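Have the sequence and the structure open as you read.

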Amino acid sequence: MVKQPVSVNGVVRWKDVGLADQAKSEQKERKMVVLRHEIGDVLRDVRQRQGRTLREVSHSARVSLGYLSEVERGQKEASSELLSSICSALDVPLSSMLREVSDRVAVAEGVAVPDTVPQEFAQRYGRDLDRELNSDLNDELAKGLLSGAR
């Protein structure tokens with residue numbers, strides 16, 4: 001712990017400064033994650049990547065244009081039925097959309113997103129997969145080098 005001078009209303013006082021204070025200030029700085037904002041952002045990103053308009057998606061999902069707009073802006077909480085309908089209209093599995101939302105929430109909370117390969121699977125098949133991938137990569141490189149040499 002280190003003491004540091006702090007001036008409060010012209011009066012200098014000594015304050016303990018250390019790692020504990022840094023951790024407290026970092027916790028205070030974190031913003032609250034609002035799930036409806038993250039869901040709306042993901043839905044908007046998917047729709048825009050597809051180059052589709054709100055009108056097209058609202059018609060396919062059988063949701064009013066205004067309501068879909070409010071969901072995308074995070075102003076309305078969407079029911080599971082509504083989310084399912086919107087995801088169907090976007091031709092995206094609900095689970096994929098929720099996984100993206102989950103990853104964004106984890107990042108906002110400062111939590112590391114775990115690897116999606118189960119540990120048992122990686123231990124059992126990881127070495128074999130590495131060998132197969134390296135073999136395939138070497139074969140492709142060899143073909144590419146040979147075709148480039150012609």
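Is arginine 62 buried or exposed? Arginine 62 is exposed, at a relative accessible area of 79% (exposed means over 50% relative accessible area, buried under 20% and partly exposed in between, using a 1.4 Å probe and protein chains only).

A word on the source: this is a predicted model, where local features need pLDDT of at least 70, side-chain atom pairs count only at pLDDT 80 or more, and totals for chains, interfaces and linings use all residues. Residues are numbered from 1 along each chain as its sequence is written, and side-chain values use heavy atoms, with hydrogens and water left out.

Now the backbone. Most residues other than glycine have a negative phi.

The helices named here are DSSP runs (H or I, at least four residues), numbered from the N terminus.

Next up is helix H2, residues 35–49. Its 15 residues reach 21 Å from the first C-alpha to the last, close to the expected 21 Å (the expected span is 1.5 Å times one less than the number of residues). The buried residues of H2 are Glu38, Ile39, Gly40, Val42, Leu43, Val46 and Arg47, and they pack against H3, H4, H5 and H6 (contact means heavy atoms within 4.5 Å). Just after H2, glycine 51 has a positive phi of about 70°.

Note on methods:
Helices (H or I, at least four residues) and strands (E, at least two) are DSSP runs, numbered from the N terminus.
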